[in-house]
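Let's take a friendly walk through a protein model. Have a look at the sequence and the 3D picture first, and then we will read them together.

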Amino acid sequence: NHDIHRQNLKDQMEKWNKREGVPIDKSVYFDNKSLDQIITLKFNPGSGTALFITADQGVTILMCRPRSGEEKEKIRMEEQAWEDSAANRAYGEALTLKKSDPRSPAHNYGNLKLNFATFSALLWT
C-alpha cells in the first residue's frame, strides 16, 4: 500500500533528521509514481543524457521539493482518477495524462539547502 510506504519513509526521514540534527522539509509529499520509483530503486529514467522532460523522473532531488496542501490534494485526486479509469483508458489518453513539465528547483539558497538535507534524509532511508 502506498500510504504505508509513504508513512514509513517519512518516519525514517524524521529519525534521520533528529539523529543528524539537520532540518528537513516536513511538507514533502511522495506521490504514488515517486514511491514506486523509490521501491524499485529506479534512479535513472533511461539514458545517461539529462533532458528537461525527464528531470523529475527516477529518484531525484526534485521529488523532495515541498508541496502545498492544495498541490497534495490535487495529486491525490489525480491518482484516484488514474486508478478508477485504468481499465478503460486508451494509450493516447494515458500519454496525454502523463504529460507535464517537471517541478522547478529551489529558488533561493535557504530552500536549496533544505532541499538537499531532505534528499539526503531520503537517500539515507
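Among contacts between residues at least 6 apart in sequence, what percentage join residues at least 24 apart? In this protein that share is 72%, where contact means heavy atoms within 4.5 Å.

Before going on, please note that this is a predicted model, in which local features need pLDDT of at least 70 and side-chain atom pairs count only at pLDDT 80 or more, while totals for chains, interfaces and linings use all residues. Residues are numbered from 1 along each chain as its sequence is written, and side-chain values use heavy atoms, with hydrogens and water left out.

**The overall plan**

The protein has five helices and zero strands. Helices (H or I, at least four residues) and strands (E, at least two) are DSSP runs, numbered from the N terminus. Reading along the sequence gives the pattern α-α-α-α-α. Of the 125 residues, 30% count as buried. Buried means under 20% relative accessible area, exposed means over 50%, and partly exposed is in between, using a 1.4 Å probe and protein chains only.

Let's compare two helix pairs. Their axes are lines fitted to C-alpha atoms, for helices over the stretch in contact, and their angles run from 0 to 180 degrees between N-to-C directions.

| Helix pair | Angle | Distance between axes |
|---|---|---|
| α1 and α2 | about 70 degrees | 10 Å |
| α1 and α5 | about 115 degrees | 9 Å |

The angle of about 115 degrees makes α1 roughly perpendicular to α5. Angles of 65 to 115 degrees count as roughly perpendicular, those under 35 as roughly parallel, those over 145 as roughly antiparallel and the rest as oblique. α1 passes α5 in a right-handed crossing. A crossing is right-handed if the near helix is turned clockwise from the far one by less than a right angle, and left-handed if anticlockwise. On the α1 side, L9, M13, W16 and R19 take part, meeting A117, T118, S120, A121, L122 and W124 of α5. By class, the residues of this contact of α1 with α5 are seven nonpolar, two polar and one charged. Here Ala, Val, Leu, Ile, Met, Phe, Trp, Tyr, Cys and Pro count as nonpolar, Asp, Glu, Lys and Arg as charged, and the others, Gly among them, as polar.

What about the other pair? α1 and α2 pack at an angle of about 70 degrees, and they are therefore roughly perpendicular to each other. α1 passes α2 in a left-handed crossing. The contact brings H2, H5, R6 and L9 of α1 to N32, L35, D36, I38 and I39 of α2. Its residues comprise four nonpolar, three polar and two charged ones.

**A closer look at R6**

Is R6 buried or exposed? R6 sits in helix α1, which covers residues 2-20, and it counts as buried because its relative accessibility is 8%. Leaving aside neighbours within four places in sequence, R6 is in contact with Y29, F30, D31, N32, L35 and E79. One of these, N32, is 26 residues away from R6 in sequence, while their C-alpha atoms are 8.7 Å apart in space. The side chains of R6 and D3 are also joined by a polar contact of 2.6 Å. A polar contact is a pair of N or O atoms within 3.5 Å; within protein, one must be able to donate a hydrogen and the other to accept it, and residues adjacent in sequence count only if both atoms are side-chain atoms.

In α2, the residues N32, S34, L35, Q37 and I38 are buried. The buried residues of this helix pack against α1, α3 and α5.

Between α1 and α2 comes a loop that holds V22. At 28% relative accessibility, V22 counts as partly exposed. Not counting residues up to four places away in sequence, V22 touches W16, N17 and A117. V22 and T118 are 96 residues apart along the chain, yet 8.9 Å separates their C-alpha atoms.

Most residues other than glycine have a negative phi. L41 is not a glycine, but its phi is positive, at about 55 degrees. With 59% relative accessibility, L41 counts as exposed.
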